[in-house]
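Me: I want to know what stands behind each label used here. Please set the value against its cut-off every time.

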Amino acid sequence: MSSFLSSSIGKKLIMSLSGLFLIVFVLVHLILNSFLLFDKTGELFNAGAHFMSLPIIRFGLQPVLAGGFIIHIIYAITLTLQNQKARPQKYAVQNLSNSSTWSSRNMFVLGGLVLVFIAMHLLHFFVPIQIEGNVHDDAQLVKALFTNGSMGLVYTGLYVLGAILLGFHLAHGFWSAFQSIGFSNKIWKKRLEKVSYFYAIFVAAGFTIIPLYLHFFA
Amino acid sequence: MADKILKELTIKVWRQKNAKAKGKFESYKISDISTGTSFLEMLDILNEQLINDGIEPIAFDHDCREGICGMCSLFIDGRAHGPDDDITTCQLHMRKFEDGATITIEPWRAGAFPVIKDLIVDRTAFEKVLQSGGYISVNTGGVPDGNAIPISYDDAEEAMDAAACIGCGACVATCKNSSAMLFVSAKVSHLAKLPQGRVEATRRAKNMVAKMDELGFGNCTNTGACEVECPKGISIANIARLNREFLSATIKG
């Protein structure tokens, strides 16, 4: 088993399984956020946020989620460093734009930027709501961030940017995860790629619409 | 239709005395090249010119010159086997280039493919991967014996598609990670799809992947650039199969 985990395909399997886990998490997160669109009073969103603060979630699921992120990041760094080492001398001219997508070649950079976004995002919401625990109206906290004067516009822009970066990361990550598991062939690759783009656009659009809606209409 | 003549070309080429020497780019001018000339013939003409000028000719790999042996390599203007699809360098013709162009020629770049001289790289790493499991140990007889075992049309076709790999190394050269997954997956797949190859499938997948990792090829990130640049159009569906074969081999122990 240890030789499996240290092999290139084993490491890729861990990347894809942790990635698929995070893909599911992103969907749950988006569904909870969408409560802000459907209920103007914010009660529905507050109920969702309250549910996410229950001890079973906080102490049961959150460590698993954090673990998923940490594993995904550690293996991304390990694999990327190895890949850098595999070509000690670079090409003077290399044209990859016709043979592969931009997002597939920049997964590490995209992932790194998404991580920076997540750090900022945790400071905005996770820390006051779940760690300091002094927020009574979660929906109000979210609205305040996006409507608070000129900074409201800056944060709206940053959240939209974060959503787009995540979208590009998912556009390659989603189908790639299935390929690494071995669940792909000539027919399924085309299908998975379509689902991948749909999911990426759905997630990016969803996370873009919510801050824009709050900034302009809340 | 008469071929056009390219009046002048600048060939910017990697020169390196031997494996240990530090290489550098040199530029040479070449004139009056017919567009019907193959790329390697153009290099032959350039080499004649270099010899006449008292310069050491450029060393490059080539053998059959009909696109089936996998010997010719060359990274031309940023692409493995140059600016054309589904071909080896010997099948590339000068009609793909404009008059007055500067053509950059580099050797395959990968830690596992060290440069021996100029544009020639050592692809022994592929041989080592094959020696670790890319074979069957039983005698399967001749053609009549092969036909005695019923194999479905789809399986036979898929096996043959994978067997089309000529081991040129364009996949490694193109991959941003210098990964050999397309090569290894083709070699695993063409045997995995046939009953004669199934017997040693578990051992083969494990050993070939272990050897590939040991030789310093990078990890696959599914960019798919390899299948686009592969002269034989090997699909990355084979890589998914290799992943499956390797995972099931691990579970079986």
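Reply: Helices (H or I, at least four residues) and strands (E, at least two) are DSSP runs, numbered from the N terminus. On that basis residues 196–216 of chain A are 100% helix and 0% strand, with end C-alpha atoms 30 Å apart. This is a predicted model: local features need pLDDT of at least 70, side-chain atom pairs count only at pLDDT 80 or more, and totals for chains, interfaces and linings use all residues. Residues are numbered from 1 along each chain as its sequence is written, while chains are lettered from A and ligands numbered from 1 in the order in which they are written.

Me: How many helices and strands does chain A have?

Reply: Chain A has 9 helices and 0 strands. Its pattern along the sequence reads α-α-α-α-α-α-α-α-α. The C-alpha atoms of chain A fill a box of roughly 55 × 40 × 35 Å along the principal axes.

Me: Which residues of chain A does the annotation "transmembrane region" cover?

Reply: The unreviewed UniProt entry lists 12–36, 56–81, 107–131, 151–175 and 196–216 of chain A. UniProt positions are in the numbering used here, feature names are shortened, and annotations may be inferred rather than shown by experiment. The model itself makes residues 151–175 of chain A 100% helix and 0% strand, with 37 Å between the end C-alpha atoms.

Me: Why does A:Asn148 count as partly exposed?

Reply: A residue is buried if 20 or more other C-beta atoms lie within 10 Å of its own, exposed if 12 or fewer, and partly exposed in between; C-beta atoms are placed from the backbone. A:Asn148 has 13 C-beta neighbours inside 10 Å, so it counts as partly exposed. A:Asn148 sits in the loop between helix H7 (138–147) and H8 of chain A. From A:Asn148 to A:His215 is 67 residues in sequence and 8.7 Å in space, C-alpha to C-alpha. Of the 218 residues of chain A, 31% count as buried.

Me: Is B:Asp118 buried or exposed, and what counts for B:Asp32?

Reply: B:Asp118 has 22 other C-beta atoms within 10 Å, so it is buried. B:Asp32 has 10 C-beta neighbours inside 10 Å and therefore counts as exposed. B:Asp118 lies in the loop between strand E6 (115–117) and strand E7 (120–121) of chain B. B:Asp32 is in strand E2 (residues 24–34) of chain B.

Me: What is the phi of B:Asp32, and what is that of B:Asp118?

Reply: Most residues other than glycine have a negative phi. B:Asp32 has a positive phi near 55°. B:Asp118 has a positive phi of about 45°.

Me: Why do the buried residues of H4(B) line one face of the helix?

Reply: The buried residues of helix H4 (residues 153–163) of chain B are B:Glu158, B:Asp161 and B:Ala162. They fall within an arc of 95° seen down the axis of H4(B), so they line one face. The arc is that of the directions from the helix axis to the C-beta atoms. The face of H4(B) turned away from the buried side carries the exposed residues B:Tyr153, B:Ala156 and B:Met160. Cover for the buried residues includes helix H6 (181–192) and helix H10 (237–252) of chain B.

Me: How many residues are in contact between domain 1 of chain B and domain 2 of chain B?

Reply: Contact requires C-beta atoms, placed from the backbone, within 7 Å. By that test 18 residues of domain 1 of chain B meet 17 residues of domain 2 of chain B.

Me: How many residues does the contact take from chain A and from chain B?

Reply: Chain A gives 36 residues and chain B gives 38. H2(A) supplies the largest share of chain A's side, 5 residues.

Key: Two residues are in contact if their C-beta atoms, placed from the backbone, lie within 7 Å.
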